[in-house]
Amino acid sequence: MRTRLQAAFEARHDPLTGLLNRSGLFALLDDTLRQDGKDAALVTVGVDNLQQINAAYTHTAGDRVLIDVAEMLVEVVGTRDGIARSGDNEFSIFLTHADTTALTDLAVRVRDAGATNIRLGAQEFPITVSVGIALASGRRPGELVRDASTALHQARDAGGRRWEFLDPGVAAEARRRLTIQSGLNEALDAGEIRPWFQPIVDLSEGRVRGYEALARWIHADGTVVTPGEFLPAAEQSDLIIAVDRVMLAGALTGLGVLPASLHVAANLSAATLADPGLPGYVDSLLAATGVDPARLHLEVTETALLRITPDVLEAMRAVAALGITWWVDDFGTGYSSLVHLRDLPIGGLKLDRSFTAGVETDASTHHRLAHGLLGMARGLGLLTIAEGVETQAQADALHAQGWELAQGWLYGRAGALAEREAPGAPRPGSGPSIK
Ligand code: C2E
Ligand code: CA
Ligand code: CA
């Protein structure tokens, strides 16, 4: 005799695959979307050519294909939880937290694992699957299931063995990011990611004191891509750590070429900061290049510092102990408290360029904010650097307030460090030349 428990299980599960059935999926969606469905998504998978198999062979053959696909999905996802047979030829994977990168990655893996051959009698029959993705973003369960299914049909109509997001804008963005990520990997290997150097000057004398190393992707055809275009994609994966390491090495190479009186600042992302290998890597670069660590500054954004862990703090201290100075980048945008900064091993603050714009007007809010932030930095004994200086009026105002160093288009844009310029120190305002 069937128990009540068994009956309840059977009402929610598909007898062929053992996965949740459509009503099981709806129950799951009902529960989850009502509580916290902000970042949820549904990935729906269907066999492209199931009808042909059913027509050419038997439904038993079709059932075997469906069982294979169910097993493949469980293997790719790593669990049966959240996987359902949501239609005759539709499976759905419900994810409670997924960004477009993770979804794209899953879609690609399912598409690739789903492309196989199945032996039917004496013949091998090729099977392919397509994938449709819809983000929950406020959708109700019925809408989410419908929209992921629509995306699946779009993928199948476009030729099969494909994946589609419901929203074409999301799909285009996801593809662009994938292209950048795969290209970036090769670009790193090929040495196409290189630092360009932007001068940092002394506000009292206008002399170049050093440079900030800014990442550029220089394609083989000479096209230069700025970090705004490739760093967001790199930040979605560990590639950002590789970019930062390449840039650090480039910064040290630059220091080796520049006069010994000049410094270089390099940028580190939050992921690089959290990488336990960072202090060792920096140490090995210093040993390999023989550069004086006092000439290297590492910039980390105020926002990244807000989420600092004890391990990261320790790593920062280890790096500082090597003789390198930490600078807080984009200062003024992260709402840090004095208390927070006091505990960090930092030596300088870079005023975010949003404050520099407008600083020349005495009565402006930016003027007062810049002044307030300067007082705070001085109170902590930090070196002060203002970014984004585009006009002489801004430079004068910052100098009058007491800012020590400045960086911006007024003094020069970032450019390749032409080795032939060294070792003669660059003249004020000249900056490195662009190769
Ligand atoms: P950031 O560290 O705040 O760098 C300053 C950005 O402001 C640079 O943009 C620079 O070209 C731009 N800039 C400099 N002077 C002026 C000016 O006078 N006016 C205006 N409007 N802009 C100015 P870039 O090179 O596109 O870099 C953008 C951001 O990318 C950087 O902002 C930094 O956050 C990030 N980045 C660059 N290189 C690296 C890197 O190697 N690693 C990491 N993690 N991030 C990097
Ligand atoms: Ca910076
Ligand atoms: Ca900055």
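In what order do the five strands of the open sheet stand? The order is β2-β3-β1-β6-β7, with mixed pairing. This is a predicted model: local features need pLDDT of at least 70, side-chain atom pairs count only at pLDDT 80 or more, and totals for chains, interfaces and linings use all residues. Residues are numbered from 1 along each chain as its sequence is written, chains are lettered from A and ligands numbered from 1 in the order written, and side-chain values use heavy atoms, without hydrogens and water.

View 1. Strands (E, at least two residues) and helices (H or I, at least four) are DSSP runs numbered from the N terminus; two strands pair if DSSP finds at least two bridges between them.

**View 2. The β1-β6 pair.** β1 (41-47) and β6 (129-135) run antiparallel, joined by seven bridges. Thr-44 stands opposite Gly-132 in β6.

**View 3. Helices across the sheet.** Helix α4 (59-77) lies across β1, β2, β3 (90-95) and β6, at about 15° to β3. Helix α6 (141-157) lies across β1, β3, β6 and β7, at about 140° to β6. Contact means heavy atoms within 4.5 Å. Axes are lines fitted to C-alpha atoms, for helices over the stretch in contact; angles run from 0 to 180 degrees between N-to-C directions.

View 4. A side-chain N or O atom of Glu-212 is 3.1 Å from a ligand oxygen. A backbone N or O atom of Trp-409 lies 2.8 Å from a ligand oxygen.

Note on methods: Polar contact = N/O pair within 3.5 Å; in protein donor to acceptor, adjacent residues only side chain to side chain.
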